[in-house]
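I opened the model and kept notes on what I looked up. The entries follow in the order in which I made them.

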Amino acid sequence: MQDAPQHQEKLATIFWSFLKIGAVLFGGGYAMLPLLENEVVRRRGWCDADEMADTFAMAQLIPGVIAINATMLIGHRLRGARGTLAATLGVIAVPFLAILAYAAAFDHFREAQWLLNATAGLRPAVAGMMLGVAYTLFNRARKTRLGLAVSIAAAALVLGLKVSAVAVILCGIGCGILWHLLVRRTPPAGTPEA
């Protein structure tokens, strides 16, 4: 049985909120995360910052683009399957139409210097947004010693030792399951063992 959605937002509200995000999305999935958090957490209050961080983590476990995965999870949280569809259609509508227009005009503008300059100018902005996302998520994770240790270990593995991010994520899933099983089997302090 499907869990009941926590909110009963109008589908049109969900669609238009995600349409706005999709309309200003440049630079791929991670670049969208600050925009998504601003709309969902700060502006709409559909979830809090910790729930949003959990949504980003879950979105990485699903094959596909993290931004679309996170959008689908939020839409589902708000209105179930219909919310998923409204959020997803909203976030992909403008990029889909822009890609169609770009594909139609690609041959004509391929060598245009103004287009090359414009896309080159976007790269530093996107890199800055991604650093902002990393900093925000790190600040949330470092509230506990375990979160801090996992953050530092993951960064060292991916950036320092060049271990695949996929391998680190899968290892994190395995360690999380193992940790849960160990904690569940350990009796609380002061409880007599059977």
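**Entry 1**

I looked up G75 and found it in helix α4; helices here are DSSP runs of H or I with at least four residues, strands are runs of E with at least two, and both are numbered from the N terminus. The model is predicted, so I note that local features need pLDDT of at least 70, side-chain atom pairs count only at pLDDT 80 or more, and totals for chains, interfaces and linings use all residues. Residues are numbered from 1 along each chain as its sequence is written, and side-chain values use heavy atoms, with hydrogens and water left out.

G75 has a relative accessible area of 0% and is therefore buried. I use buried for under 20% relative accessible area, exposed for over 50%, and partly exposed for what lies in between, with a 1.4 Å probe and protein chains only. Leaving aside residues up to four places away in sequence, G75 touches G80, G83, T84 and A87, where a contact means heavy atoms within 4.5 Å. I also took the C-alpha separation of G75 and T88: 7.6 Å, at 13 residues apart along the chain.

**Entry 1: two threonines of α4**

T88 sits in helix α4, which runs over residues 66–109. Is T88 buried or exposed? T88 counts as buried because its relative accessibility is 16%. Beyond four places in sequence, T88 touches I68, T71 and M72.

T84 also has its place in helix α4. I read 14% relative accessibility for T84, so T84 counts as buried. With residues up to four places away left out, its contacts are M72, G75 and H76. The T84 side chain reaches the backbone nitrogen of H76 at 3.3 Å. I count such a polar contact when a pair of N or O atoms lies within 3.5 Å; within protein, one must be able to donate a hydrogen and the other to accept it, and residues adjacent in sequence count only if both atoms are side-chain atoms.

**Entry 2: the core**

Which residues have the most contacts inside the largest nonpolar core? I list I14, F18, L36, V40, M52 and I74, in a core of 22 residues. A nonpolar core is a set of buried Ala, Val, Leu, Ile, Met, Phe, Trp, Tyr and Cys residues joined through side-chain atoms within 4.5 Å. At least two residues of this core come from each of α1 (11–23), α2 (29–43), α3 (49–61) and α4. The largest share, eight residues, is from α4. For I14 I noted contacts with E9, W46, L78, R79, G83, A86 and A87, not counting residues up to four places away in sequence.

**Entry 3: α3**

α3 has 13 residues and reaches 19 Å from its first C-alpha to its last, close to the expected 18 Å; the expected span is 1.5 Å times one less than the number of residues. Its buried residues are M52, A53, T55, F56 and A59. They cover an arc of only 155° around the axis, which puts them on the same side of α3; the arc is that of the directions from the helix axis to the C-beta atoms.

D48 caps the N-terminal end of α3, with a side-chain oxygen 3.2 Å from the backbone nitrogen of D50. M58 lies in helix α3 and, at a relative accessible area of 41%, is partly exposed. M58 and L73 are 15 residues apart in sequence, and their C-alpha atoms are 8.5 Å apart.

Helix α6 covers residues 145–160 and reaches 21 Å between its end C-alpha atoms, close to the 22 Å expected. At its start, a side-chain oxygen of T144 reaches to within 3.0 Å of the backbone nitrogen of G147.

K162 is in the loop between α6 and α7 (165–185). I read its phi as near 60°, a positive value in a residue other than glycine. Most residues other than glycine have a negative phi. K162 counts as exposed, because its relative accessibility is 66%.

S164 caps the N-terminal end of α7, a side-chain oxygen lying 3.2 Å from the backbone nitrogen of V166. The 21 residues of α7 should span 30 Å, and its end C-alpha atoms are 30 Å apart, which agrees.

**Entry 4: the whole chain**

I counted seven helices and zero strands in the protein. Of its 194 residues, 24% count as buried. Among contacts between residues at least 6 apart in sequence, 59% join residues at least 24 apart.
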